[in-house]
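Trainee: I would like a close look at a single part of this structure. Please take me through it step by step.

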Amino acid sequence: MPAPVTLAQVEAVARGAAPAPLGDADRAAIGAARAVIEQVVAGDEVVYGVTTGFGRLASVRIAHEDAAELQLNLVRSHAVGFGEPLEPEVVRAMLLLLAGSLRRGHSGVRPELVELILALLERGVTPVVPSRGSVGSSGDLIPLAHIALVLVGEGEALAGDERLAGAQALRRAGLEPLRLTAKEGLALINGTHLMAAAGTLAVREARRVLEASIVAAALSLEAFKGSTVPFDARLHALRPQPGPGRVAARLREVLAGSPIVASHADCGRVQDPYTLRCAPQVLGAVDDALAYVEGAVERELAAVTDNPLVFPDSGDVLAGGNFHGQPLSLPLDHLALALCELASFSERRSYALLSPTYAELPPFLSPDPGLGSGLMIAQYAAAALVNECQVLAHPAGAGSIPTSAGQEDFNSMGALAALKARTVVAHAARVVAIELVCACQGIEFHRPLRTTGVLEEALARVRRTVPALGRDRALSGEIEALAGALRSGALTLSDDEGLEAPT
């Protein structure tokens, strides 16, 4: 069985890298499972989805000569998605994970079907997949059916940036559509690949947003002239939660030897607001949440999630429930909640920095308060984004609705969990970007005092995208660019400087 791809490899292919081609061992494993299916079709054995209908229609027997038509009808009938198309990077990740599940030799498809999926990735053909329709059980049926349509020369696909009919996109790439045979349509649509793909990209970006949020908290502490005492290792040894301990250590590291900290050693302030004082506890809980989500998603990358599954050693074909999205739905709902908390925590620090009641800084960090509004309205935008995150933090998985006349009586809604988690991560990046702009502006009011070398480097990286605010100007585009840099990792400090995911 091939080694599973990593989260990093999925992200790389999603953003344009080529996938690993099939090897001889892959073809042998795929071919062994295929031989079992061909034997089933030639005989009288009743196997779900191969010699029967689907869902509530599983009791209907299908004649041998209709096996291929059954699979094509399945793909066409299930392609009923709606809404805006998934981002191309999500679809590319889906293609990689679909091929990965099929190449493990338990699905009963032909090698040429897996090779065609990999060829779409290699030649830049990206199916157009509506984002809404999956209930996250029996797999991501509807989105995957739209991918399968392109493989048979139907549907629509992007060839580069051009949207074409599926058959035309294949021709332009020098590819031929495939004629599905027994079990292949079912294997194509019966997997968790939208959940896993969107979840992979969301949790990878979330890890970078968390690192940026830790740096933003440190910069805000410097702008606020706050205390580093709450990060003392002795405090955290008495509460041995792993994430808070890691975040406290990171904050001690980036703030060690700060001239700004030294400048207010005897200021008499007793305690800072929670969003400074409790940064290790809150951001550390987010860190622990991300470790949980990363583990669940990473295990899914090694999975075979269609149904039924073929075991060539014994010749058995077993119907089960590996397609059910609950092992991803719960973690991805948790991811949305964790990043909502991170965003809310960050927005409160921006609010404090802009408020004369809290910080010894000009109102709204304006060099000319009154004539200029400074960063006043940036906090409004952060508040609006946080409010949307709070709505999206409601768990999708709490809303199961039965399908297939009750045969499929509990659905995970994991696709929505994954998609809304991506939205929350994107909004959290924007909120943290706003905090970074506020914190850097605040520190510059303390000049000629400087912070640590690490934090000065972080400030310089922010400034390359968002220059210091003098006279008021429109900041929307600059902050959006900064948020994009946070999500991509362009502003993350190097691996040996950053907070690493636990191993």
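Which residues in helix 1 meet which residues in helix 9?

Mentor: Keep in mind that this is a predicted model. On the helix 1 side, the residues are L7, A8, V10, E11 and A14. On the helix 9 side, they meet T200, L201, V203, R204 and R208. Sort the residues of this contact by kind: six are nonpolar, one is polar and three are charged.

Now the geometry. Two packed helices are described by the angle between their axes and the distance between the axes. Helix 9 covers residues 193–224, and helix 1 packs with it at an angle of about 105°. Their axes are 9 Å apart. An angle of 65 to 115 degrees counts as roughly perpendicular, so helix 1 is roughly perpendicular to helix 9.

Next, pick out E11. This residue belongs to helix 1, which covers residues 7–14. Leave aside its neighbours within four places in sequence, and E11 is in contact with L201, R204 and R208. Is E11 buried or exposed? Its relative accessible area is 6%. Buried means under 20%, so E11 is buried.

Not counting residues up to four places away in sequence, L290 touches V203, A206, R207, L210, L335 and L339. L290 sits in helix 14, residues 279–300. Its relative accessibility is 0%, so L290 counts as buried too. Look also at H334. Along the chain, L290 and H334 are 44 residues apart, yet 8.7 Å separates their C-alpha atoms.

Definitions and conventions: Residues numbered from 1 in each chain as written. Predicted model: local features only at pLDDT ≥ 70, side-chain atom pairs only at ≥ 80, totals over all residues. Heavy atoms only, no water. Helix = DSSP H or I, 4+ residues; strand = E, 2+ residues; numbered from the N terminus. Buried < 20%, exposed > 50% of the residue type's maximum accessible area, 1.4 Å probe, protein only. Contact = heavy atoms within 4.5 Å. Axes fitted to C-alpha atoms, helices over the stretch in contact; angles between N-to-C directions. Parallel < 35°, antiparallel > 145°, perpendicular 65-115°, else oblique. Nonpolar A, V, L, I, M, F, W, Y, C, P; charged D, E, K, R; others polar.
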